[in-house]
Amino acid sequence: MGAMEQISLDDARNRKWDIVIAGSSLAAMFFLYGLPRNLSVLVVEKGGFVSHEEQIATPLPYESFKSNSEKPWIARSAFGGNSNCWWGQTPRFLPADFQTKTLYNRAEDWLITYEELEPYYTEVEQVMEIAGGGSEHILPRSQPFPFPPHAPSRSDAILQNTGDLWVPSPSARSNGGSRGLCCANGICHTCPVDAKFTILNARQNFERENVHLLLNHEVRAIRTEAGTAKSVEVLGSDGVSEIKSDLVALGANAIFNAAILLRSGFTAPALGRYLNEQAGHLIEIDAPIQNFYGGTSITGQGYHFYHNADRSQRAAVLIENFNVPAATRAEKNRWTERLTLKLIAEELPSPDNQVSLVDDEVLLRWNGYSQYAQDGINYALTNLADAIPVEVESIKDIGPVATEAHILGTTRMGGTKDTGVVDRELKTHEVSNVLSLGSGVFPSCSPANPTLTLSAMSVFAARSL
Ligand SMILES: Cc1cc2nc3c(=O)[nH]c(=O)nc-3n(C[C@H](O)[C@H](O)[C@H](O)COP(=O)(O)OP(=O)(O)OC[C@H]3O[C@@H](n4cnc5c(N)ncnc54)[C@H](O)[C@@H]3O)c2cc1C
Ligand code: SF4
């Protein structure tokens, strides 16, 4: 496949590795990217390699989970994981997102600040070839975006002139760089022209000597002796095998990372708990302004209910303005005069929402969104005139979306084993040569999409070793 060299199970278990990484998606690969080059690394991926062409012909299937609720949690097992089907929205978190306890007495503070993470944000943005610009007054940055923002949709061009809280949306959908240009057709989960950053189309960034890939094997558990990890148990069609390693980094997402640690006998009280994601809510607004004709699927974001919001009262809400003609107007000559907006509210993580194991397999318990998230959505709906200061003809409340396709919170960072699962460098408190990567470590839930931040945290963790 031209990426890192594949290895057989026999060859993988006949040696001892410096590092075994579970998973081959964003959390895993940005950790690999940040590691010193002289280390021997085995990437163990549960799924197989499925080319871009094959994914277009047959979309990757979803994992299914036993759960007490209908709410979907979206995970796909293949080389590159959900990077294959993400949309490539890449806002940074606001500095306040890292301090919600101190500033608003909500959720928990992170053990790292925006300023400390900033260089790693910059580095990941370079690798992803992010297109952006025009949000620097809200999100301070040390370097310009690698590529300019996409041309705004006609409505974004108008809204961005009404105040400085409508900004161009940064994205990993190409507007220059090594990938073909985004052509704004808006089916980004399987981008037909491969314009969106994926692990597959950027794998040259992760290739190096000493790195090998074992496909179609699932990391089930970590074996420890005297408080130190010695090896991982992997399951393939050939049964369970043991692979020895000096360090284990889990990049299998917030559901599977928690399951692996639970199966391995880790006992931190927060482990598996605080499963959460943002609450999304769609609305359509008819107004006498034209929409569409922008350079990518989402060209603008509104920070009206996010930047400087009073989050002690209610959830912060980020607005996305879609340039995808999902539901256009029927009136003659007015079909473009409709906005489709998504309100995305942060969630207050609850210990009762959790990943647990029954008969060694995952069982999810999720009891619905908090009143805090709902209050944020309601406040944004009531005060939309602050964000859309144009004549509005009608607002249609489409309602909640089933999922934002994010999975957060089950291996949260905290100062001690009593308050968290990992420390600031994403090492587990219980076994210091085991790391949990990805958005499971987030101790609070920003309304902003998580992937740029989790990728930056992976580079930070690798450099901290
Ligand atoms: C349709 C969709 C749109 C999205 N859009 C955006 C967006 O615009 N912006 C944004 O920020 N985020 C978006 N996301 C979320 C984003 O995809 C995730 O945040 C990101 O993929 C998480 O990366 P990860 O590496 O932690 O986990 P995943 O991408 O879930 O990857 C986990 C990897 O681990 C493998 N694995 C699982 N279990 C094991 C095991 N036991 N052993 C070995 N390997 C294992 C999987 O096969 C996979 O390769 C979207 C997601 C979806 C589904
Ligand atoms: S808008 Fe179209 S070209 Fe651009 S990333 Fe999405 S699917 Fe690909």
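**View 1. The shell around ligand 1 holds 39 residues.** Nearest to ligand 1 are G23, S25, G81, N449 and T451. A residue counts as near if its C-beta atom, placed from the backbone, lies within 6 Å of the molecule. This is a predicted model: local features need pLDDT of at least 70, side-chain atom pairs count only at pLDDT 80 or more, and totals for chains, interfaces and linings use all residues. Residues are numbered from 1 along each chain as its sequence is written, while chains are lettered from A and ligands numbered from 1 in the order in which they are written. Elements giving two or more residues to the ligand 1 shell are α2, β7 (218-225), α7 (254-263) and α10. Helices (H or I, at least four residues) and strands (E, at least two) are DSSP runs, numbered from the N terminus. The most comes from α2, with 3 residues. By class, the shell has 18 nonpolar, 18 polar and 3 charged residues. Here Ala, Val, Leu, Ile, Met, Phe, Trp, Tyr, Cys and Pro count as nonpolar, Asp, Glu, Lys and Arg as charged, and the others, Gly among them, as polar.

**View 2. Around ligand 2 there are 14 residues.** R173, C182, N185, C188 and C191 are the closest. The ligand 2 shell has 8 nonpolar, 4 polar and 2 charged residues.

**View 3. Helix α2 is mostly covered.** Of its 9 residues, 8 are buried. Buried means that 20 or more other C-beta atoms lie within 10 Å of a residue's own C-beta, with all of these atoms placed from the backbone; 12 or fewer means exposed, and in between is partly exposed. The buried residues of α2 are L26, A27, A28, M29, F30, F31, L32 and G34. They pack against β2 (16-22), β3 (41-44), α5 (114-128), β6 (211-214), β9 (239-250) and α10.

**View 4. Helix α2 (residues 26-34) meets helix α10 (residues 451-464).** Their axes come within 7 Å and cross at roughly 35°. Axes are lines fitted to C-alpha atoms, for helices over the stretch in contact, and angles run from 0 to 180 degrees between N-to-C directions. From α2 come L26, A27, F30, F31, Y33 and G34; from α10, T451, L454, S455, S458, V459, A461, A462 and R463. Two residues are in contact if their C-beta atoms, placed from the backbone, lie within 7 Å. The contact residues divide into 9 nonpolar, 4 polar and 1 charged.

**View 5. Helix α7 is largely enclosed by the rest of the structure, because 8 of its 10 residues are buried.** These are A254, I255, F256, N257, A258, A259, I260 and L261. Their cover includes β2, β7, β9, β14 (354-358), β15 (361-365) and β17 (434-436). After α7 comes G265, with a positive phi near 90°.

**View 6. The largest nonpolar core has 122 residues.** A nonpolar core is a set of buried Ala, Val, Leu, Ile, Met, Phe, Trp, Tyr and Cys residues joined through C-beta atoms within 7 Å. I21, F31, L32, V43, I255, I260 and V317 touch the most other members. Helix α10 gives the largest share, 8 residues. A second, separate core of 8 residues includes W86, W87, C182 and C191.

**View 7. A316 sits in the loop between β11 (298-305) and β12 (317-322).** A316 is buried, because 30 other C-beta atoms lie within 10 Å. Beyond its neighbours within four places in sequence, A316 contacts F305, Y306, A309, R311, E346, G376 and P447.
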